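Trainee: I would like to learn how to read a protein model. Could you take me through one, feature by feature?

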Amino acid sequence: MTLTVKDLMAECGVAFGTSGARGLVSAMTDRVCYGYTAGFLGFMAEQGEFARGGKVALAGDLRPSSPRILAACARAVRDMGGEPVFCGYVPTPALALYAFSRGMPSLMVTGSHIPADRNGIKFYRSAGEVLKEDEAGMSRQVVDLAGGKFDDQGMLVVPEPLPDVSDAENPYVQRYIDHFGAGALSGKRVGVYQHSAVGRDVLARILIALGAEVTLLGRSEVFVPVDTEAIRPEDVALARGWAAEHGFDAIVSTDGDSDRPLIADEAGNWLRGDVLGILCASAVGATSVATPVSSNTAVELSGRFGKVLRTRIGSPYVIAAMGAELAAGSACVVGYEANGGFLLGSDITGHGGTTVALPTRDAVLPMLEVLASKAPSVSAQLADLPQRFTYSDRIVPFPPEASKRLFGQLAEGGTAFQTGLFGAFAGDAQSIDQTDGVRTHFAGGGVIHLRGSGNAPELRCYTEGSSEAEAVALNADAVKAVKALMGL
């Protein structure tokens with residue numbers, strides 16, 4: 001049986017796009033994962049980045065379903081004439097660094113921050129992420145799902161072995177030892193909130209190698225859906241409790257596949273990812289910064305960068321903007337997202353020489369730049385920035401069709417409609433930006449940005465104000481108003 005990836009997507013309900021494939025584990029059968037992987041490699045063959053006999057790097061996160069999905073992907077690689085290279089269970093940026101340095105396509109089995117009943121496969125080209133313009137090329141690929149490979153439930157009839165592990169971890173660790181120098185964090189006391197992040201031990205290794213005194217915290221053998229954009233109340237409480245108990249200089253953590261960072265200051269207050277991005281961009285000497293429209297406006301107000309480019313939400317859009325700046329000859333191009341993932345578009349100079357670009361989300365560089373700063377504390381670095389604060393929350397569940405209906409009302413009703421909906425607590429709506437979702441500036445100085453999630457059936461609500469309390473209150477009021485409007 002042959003069908004296109006687009007048809008397979010319609011058949012199984014597992015979304016497939018620039019972020020790869022994501023869906024419920026129950027829907028991500030071996031047959032589906034095999035088909036998507038075969039389609040990806042077919043597209044790579046068209047682009048001259050894969051041929052029979054070629055190698056494809058694979059890695060996964062710590063979800064219970066990841067080993068099974070990896071095996072199905074490995075079978076597809078072999079059936080397409082390739083050789084799977086298994087990098088083990090390592091951070092997504094470690095896999096990317098390994099594959100980019102060898103010019104081979106790769107895939108990461110991960111659902112990132114979403115709960116363990118879901119998973120995903122993220123695909124990489126041989127030198128960078130799959131971009132928006134690649135989506136159509138992958139979707140039209142014809143894949144062969146015939147033969148006796150799968151049973152009636154879509155699972156492999158014969159178990160597929162994974163190869164012995166190839167080392168992607170040590171080069172990733174060494175990258176940061178070389179960049180910062182072995183004693184860069186001497187005297188720093190750092191807590192590592194491990195939970196179920198795939199990079200929990202790698203992160204601790206790096207910190208110890210740089211001279212930090214490390215305390216391991218909160219390790220879990222059950223998957224914990226830590227979202228760096230919508231931090232759970234229990235994680236807020238944990239960080240503040242650990243800070244009070246241990247007197248750390250900072251607490252660090254990541255999301256499930258360890259490409260998005262979390263860092264808390266000495267009081268245990270988690271930094272927003274878009275603020276962390278500003279600090280890291282400044283530390284590496286960025287001249288051009290690409291960041292989504294949802295990020296904190298302190299990046300412009302700080303005056304630290306020659307150019308700031310605003311994009312839609314998602315690393316493919318940030319990478320596309322970075323590429324345009326590199327082509328224009330900008331000296332040091334970086335990108336970051338509101339979730340904290342930092343993308344290094346240019347080579348930079350470190351303690352041990354040149355640190356090569358890594359144009360995909362990375363959690364380690366931004367946290368280490370803040371920890372290695374000569375500033376007296378993490379909070380002191382924050383105090384030097386314009387005092388604009390962001391907050392995000394979500395409404396779950398919120399199906400895509402509900403998002404479409406909501407955005408239609410917000411856009412068509414214009415500023416008058418939004419003043420009626422939000423004006424009692426935000427003031428008059430002044431301007432609307434539809435770059436990604438609906439982002440509105442209000443006379444009271446606040447910003448409300450609503451957007452449907454690309455990863456799960458939920459509505460994201462981002463707010464910005466002149467204080468943390470204002471941003472949090474604005475968010476709560478906006479969520480309440482949306483729920484009332486939608487009858488939730």
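Trainee: Which residues are buried in helix 12?

Mentor: A note first: this is a predicted model. A residue counts as buried when its relative accessible area is under 20%. In helix 12 the buried residues are Val364, Leu365, Pro366, Met367, Leu368, Glu369, Val370 and Leu371. That is eight of the eight residues of the helix, which spans 364-371 and is mostly covered.

Trainee: Which residues are buried in helix 7?

Mentor: Start with the general idea. An α-helix has 3.6 residues a turn, so residues three or four places apart point the same way. In helix 7, residues 200-209, the buried ones are Arg200, Val202, Leu203, Ala204, Ile206 and Leu207.

Trainee: What does Ile263 touch?

Mentor: Leave out residues up to four places away in sequence. Ile263 then touches Ala250, Ile251, Val252, Asn269, Trp270, Leu271, Leu276, Met367, Val370 and Leu371. Of these, Met367, Val370 and Leu371 are buried residues of helix 12.

Trainee: How many helices and strands does the chain have?

Mentor: The secondary structure comes to 15 helices and 24 strands. Of the 488 residues, 58% count as buried. Among contacts with a separation of 6 or more, 68% join residues 24 or more positions apart.

Trainee: What radius of gyration does the chain have, and what would a compact globule have?

Mentor: The idea is to compare the chain with a compact globule of 488 residues, which would have a radius of gyration near 23 Å. The chain has 22 Å, which agrees. Its C-alpha atoms fill a box of roughly 65 × 55 × 45 Å along the principal axes.

Trainee: How many positive and negative side chains are there?

Mentor: The chain has 41 positive and 54 negative side chains, and the centres of the two sets lie 2 Å apart.

Technical notes:
Residues numbered from 1 in each chain as written. Predicted model: local features only at pLDDT ≥ 70, side-chain atom pairs only at ≥ 80, totals over all residues. Heavy atoms only, no water. Helix = DSSP H or I, 4+ residues; strand = E, 2+ residues; numbered from the N terminus. Rg over C-alpha atoms; globule rule 2.2 N^0.38 Å. Buried < 20%, exposed > 50% of the residue type's maximum accessible area, 1.4 Å probe, protein only. Contact = heavy atoms within 4.5 Å. Lys, Arg positive; Asp, Glu negative; His and termini not counted. Charge placed at Lys NZ, Arg CZ, Asp CG, Glu CD.
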